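Hi,

Here is the structure I said I'd pass on. Have a look at it first, and then read my notes below.

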Amino acid sequence: QMNQRWTLHVENFARIKEADIEISPLMCFIGDNNSGKSYMMSLLWGLLSSGEVMLNKSHIDKFSTSTINFLDEWLDSNIGKEIILNNEIQKEYVKWFNELLGECKLDLVRHIFNYDIEIDKLIISNFETKNEIVINVNFDNDMFDLEFKINGDLSFGLHSFSGERKKLIRQLNFLISWNLLTRGLTAPLPPAHIVDYPVYLPASRTGFILTYTNIASSAIKTVFSKKSPPDLTETLTLPYINFLQNLIMLKVLKNPLPGRKDHLLDFLKKYLIKGEVSLKEDIGVIKYKPNDIENELSMSVTSSVVTEIAAIYLILNSHHNCPLFIIEEIEAHLHPELQKRIAQFTIRLIHSGINVWITTHSDTILQHFNNMIKLYNRSEQERDELLKQFNYTKDDLLSPDEINLYQFTHEDTYTTIKSLESGKYGFVVPSFNKAIDELSKEIFAFQEDD
């Protein structure tokens, strides 16, 4: 589960007038098409995956505030000591992180979207952690060592290069604030490894699965060939680029982490893809072997459920230490029975320590989440009987504290975002209920009397 909780406050970003998004292990964005759900998910992903933008900005000497000057002096005075980051110091680090966000928010958004998008405010608020965080910084022969520990376990260590003491302390302060806010969701920075970053699965993932080798080949020709006309090039947002990079890097990340994800892969094989997906290193393409035939199949002749799930399967079956999946339209191409299964799989992911943030239009998926919340809220005896009756385990239960749900509503020229509350019986989703009610009225009106 997450080591920390915080809320991202955004104002006047794209269509979004104002939003407060509190992160949680499972987070769902629902609502109107073209209302900004993917924009907000991309912004969250980019905030977690683009620390180098902020790191570079933090080095600029002219960007200096009373907060960072205090933290520089505080850290310098504690070199060689093991220090617990108490609440007051944590607040100072969050405050400076927000000052840095305010300074570089436009650069950050441009980096994520490859396009200039206005954003008035980008602030992290309501930060809290129940864990004990300890840092230990040593300085010897013009070299820094940093240890960042969570509940006594080393979460991140860095042996820094030599340099001017003042600049290195500033860099270390950024790394402390970064790990304080994002550790467990993304890579510690630096060094930046793709294996430790959150994975963004775009709504168009089937098309990328079928064409990613051709896209990579074409991109190389476009970049390095002098004959390529510049007007034929097209830009992608950073989440899409990251998804392609993950697919290309699978050959390098071929050795899976032992044991940790086997039960997740078994679930996908049994209930969703009815077979196995693999990367054929000799030809660099993805193949699918169904349970009921001997031969492997090309992705181009498989069911769309296989191409939708293939990236999740391959990443879980690689050395990618994925801390977070962000999945657009998680129900795409899935029959309602499989939508229930992907919802069940999502809950099992978060109970395996992998956070999942999704966009969805599926009432089936949300109903399954509600069912698991209702089952969680039953008495222990009733719960155990129902788990057995419907062939679930305790890994399938969902606590209301593990999920946040946000309704996106398009109004005139802007979008409003509302946090929906979970009650004893889960979430009530007005937009879904309205659509189902209108459809039900048509059913009764149009049917003929017997």
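Start at Cys28, whose bridge partner in strand 14 is Ile358. This is a predicted model, so please read everything below with that in mind. The two strands involved are strand 3 (residues 26-31) and strand 14 (residues 355-359), which pair in the parallel sense over four bridges. Strands of a sheet, as a reminder, pair through backbone hydrogen bonds, in either a parallel or an antiparallel way.

Helix 11 (residues 363-376) packs on this sheet and touches strand 3, strand 14 and strand 15 (403-411). The direction of helix 11 makes about 140° with that of strand 3.

Nine strands make it up, in the order 5-1-2-16-15-3-14-13-9, and it is open, with mixed pairing. At its edges are strand 5 (121-128) and strand 9 (199-201), each of which pairs on one side only. From one strand to the next, the twist averages 15°.

How many does a search of the whole structure find? The count is zero. A disulfide is a covalent bond between the sulfur atoms of two cysteines. For Cys28, the closest cysteine sulfur is in Cys322, and because the two are 16 Å apart, they are too far for a bond.

Next, the aromatic rings. The structure holds 15 aromatic pairs, and here are a couple to click on:

- Phe29 and Tyr406: the ring centres are 6.0 Å apart and the planes are at 85°, so this pair is edge-to-face. Phe29 is in strand 3 and Tyr406 in strand 15, so to speak distant parts of the chain, 377 residues apart. Both residues are buried.
- Phe267 and Phe345: this pair is stacked, at 5.9 Å centre to centre with 25° between the planes. It also links distant parts of the chain, with Phe267 in helix 8 (residues 262-273) and Phe345 in helix 10 (residues 336-351), 78 residues apart. Phe267 is buried, with a relative accessible area of 3%, and Phe345 counts as buried at 1%.

Ring pairs also link Trp96, Phe97, Phe174 and Trp178 into a cluster.

The charged end of Lys17 sits over the ring of Tyr414, 4.8 Å from its centre. Arg165 lies over the face of Phe139, at 4.4 Å from the ring centre.

Last, a look at the backbone. Most residues other than glycine have a negative phi. Which way does His333 go, positive or negative? His333 has a positive phi of about 70°, although it is not a glycine. You will find His333 in the loop between strand 13 (324-327) and helix 10, where it is exposed, with a relative accessible area of 55%. Asp412 also has a positive phi, near 55°, and is a residue other than glycine. Asp412 is in the loop between strand 15 and strand 16 (414-420), and at 70% relative accessible area it is exposed.

Cheers

Note on methods:
Residues are numbered from 1 along each chain as its sequence is written. This is a predicted model: local features need pLDDT of at least 70, side-chain atom pairs count only at pLDDT 80 or more; totals for chains, interfaces and linings use all residues. Side-chain values use heavy atoms; hydrogens and water are left out. Two strands pair if DSSP finds at least two bridges between them. Axes are lines fitted to C-alpha atoms, for helices over the stretch in contact, and angles run from 0 to 180 degrees between N-to-C directions. Contact means heavy atoms within 4.5 Å. Rings of Phe, Tyr and Trp (its six-membered ring) pair if their centres lie within 6.5 Å; planes under 30 degrees apart count as stacked, over 60 as edge-to-face and the rest as tilted. Buried means under 20% relative accessible area, exposed over 50%, partly exposed in between (1.4 Å probe, protein chains only). A charge sits over a ring if NZ of Lys or CZ of Arg is within 6 Å of the ring centre and within 35 degrees of the ring normal. A disulfide is a pair of cysteine sulfur atoms within 2.5 Å.
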